[in-house]
Amino acid sequence: MAEENGSNFRQFRDGVIGNNPVLVQLLGMCPTLAVTNTLENALVMGAAVTFVLVMSNLVTSLLRHQIKPHVRILVFTLTIATFVTIADLVLKANMYEVSKKLGPFVPLIIVNCIIICRAEVVAIKNGLARSLADAFGMGLGFTTALSILGAIREILGSGSLTLPGGATSLKLVQLPAAFEPHAWIIMVLPPGAFLTLGVVIGIVNQLRYRKVKGGAA
Amino acid sequence: MSEAPTVTQENANAEQPQGPRSFLVSSAPHLASGTSTRCIMFQVVLGLVPLWLAALYFYRLDALILPLVTVAACLIAEAVANAMRGRDQRSLTDGSAIVTGLILAFSLPPDLNPYMAFIGGVVSIALAKAIFGGLGQNLFNPAMVGRAFLMICFPAAMGIWTEPVTLARIGDTAVDGVTMATPLGAAMDPSVLIPSLWDLFCGRVGGSLGETSALAVLIGGLFLVFRRVADWRPVLGMLATAFVYAAIAHRINPEFEGPMFHLFAGSMMFGAFFIATDYVGAPITPVGRILFGIGVGGLVMTIRLFGAYPEGVMFAILIMNALTPLIERWTVPTPFGGHVAAAG
């Protein structure tokens, strides 16, 4: 994953497109399925994960010569847990409503395998710039994937698109009340998450294989 | 998949024909019966005609629009799926998408918004059939998956039952449509009058488009059974189990409706003759088919009597579809002159 000679930008782009943590690596499925019922939840979740990812990669990368190999997982977990706690408290203080909706899924970022995977695969072996590029790329990729799911599910299921805006959320789109009987209620429910994720991954795969085929020909 | 797919590489060594059309041939003797998928599906459509006529009589225009919409949706989804997978469009003419569309339409409320029915048709083919690899590969009955999707997606619209037009009168004037409780809904609500068995048998009650008339279902279904297009085993297993279950329940607690009511109400008949006899989702072994029918009948009655939903045919079929591989494992038949086959 982390080739010796790849540029930092390549590492960044890889996280968003070629190696998207959700749509390609299928990591971090728990928040992907659980909190993507609105765009707002997806964006806030994505921001929280990006923050933790960046900070944990930063700390791990700086400490990489001090960390003994046999205790590295412990160090990763403690680092991640610290920043997850910070993220959780910040959300509770500033965006209480959203924090309530996200429920246990913010603390659960601790066990999100994307973060520990990036620490183990990139940050422990690479310098600061590259680790940060990787963290931002992966974070953006995660947020993008979650936002796509969140937007599809919210517009079909609730007929609106909300953006996080501090204490109150901003309505980007609000379909008229006449939409109500036509809302796809399944999209707000867990099965909607599975169906949407499956369809989106299918489309992404279709595009990727077409690209591979086109490149070969 | 237009080029020779890599999947068949192992087969190539065994001198199997290349390409997606390669198939394994079972041991001799081979006897060509002349039946094709198209022939079977055409007969199923013929068997559905009485139901359609009954639906046209009871629901008029709705019964014309809904089936056309769902069949169109199924055909379009099938064509798009074929195009996406790089397959030829032959599967459009084998009739399976048409049958799926018709069964889906007949299991929907007559007054459903046609665009919702369209979504149901697309889901049936795209999510329940094409994704698993097309006809014969799907785990679950496509029409029932489509209906389940609509049921969860639009619970309000899927719960509005209009009275048959022939009944829709207030005083002496005919009206466009009147909503009413279905017989099964009535059975759950003591304040609503239960229709007579004769009305139930003829279909002069509220319900899904094609399922209300037990008479029409019997005509079409028995035609299929006598043509041997539909196997009698799941039909008998399902109806007999439901009958016995309802009889026992009625005996123990007379508040439950009697067995004849449960046979004629809702989609019990329709499910038994047209859905439980599905070739793909049901087991292929003879004993397995009986077990499948028994399972569906028992689950339907359990859901009807003790569940939150008034009707359970859809869920019963889907649950038993999921159990089909297990049933097939249990009921591998002994070949003629052979030893007991090892399971699996």
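Strands β1 (residues 160-163) and β2 of chain A run antiparallel and are joined by four bridges; two strands pair if DSSP finds at least two bridges between them. The model is predicted: local features need pLDDT of at least 70, side-chain atom pairs count only at pLDDT 80 or more, and totals for chains, interfaces and linings use all residues. Residues are numbered from 1 along each chain as its sequence is written, while chains are lettered from A and ligands numbered from 1 in the order in which they are written.

**Strands of chain A**
- Helices (H or I, at least four residues) and strands (E, at least two) are DSSP runs, numbered from the N terminus.
- A:T162 stands opposite A:K171 in β2(A).

**Chain A overall**
- Chain A holds nine helices and two strands.
- From the N terminus, the order of elements is α-α-α-α-α-α-α-β-β-α-α.
- Chain A is as compact as a globular protein of 217 residues, because its radius of gyration of 18 Å is close to the 17 Å of the globule rule (taken over C-alpha atoms; 2.2 Å times the number of residues to the power 0.38).
- Buried residues make up 40% of the 217 in chain A.

**Helix α12 of chain B**
- Eight of the eight residues of α12(B), residues 268-275, are buried, so this helix is largely enclosed by the rest of the structure.
- Among them are B:M268, B:F270 and B:I275.

Terms used
Buried ≥ 20, exposed ≤ 12 C-beta atoms within 10 Å, placed from the backbone.
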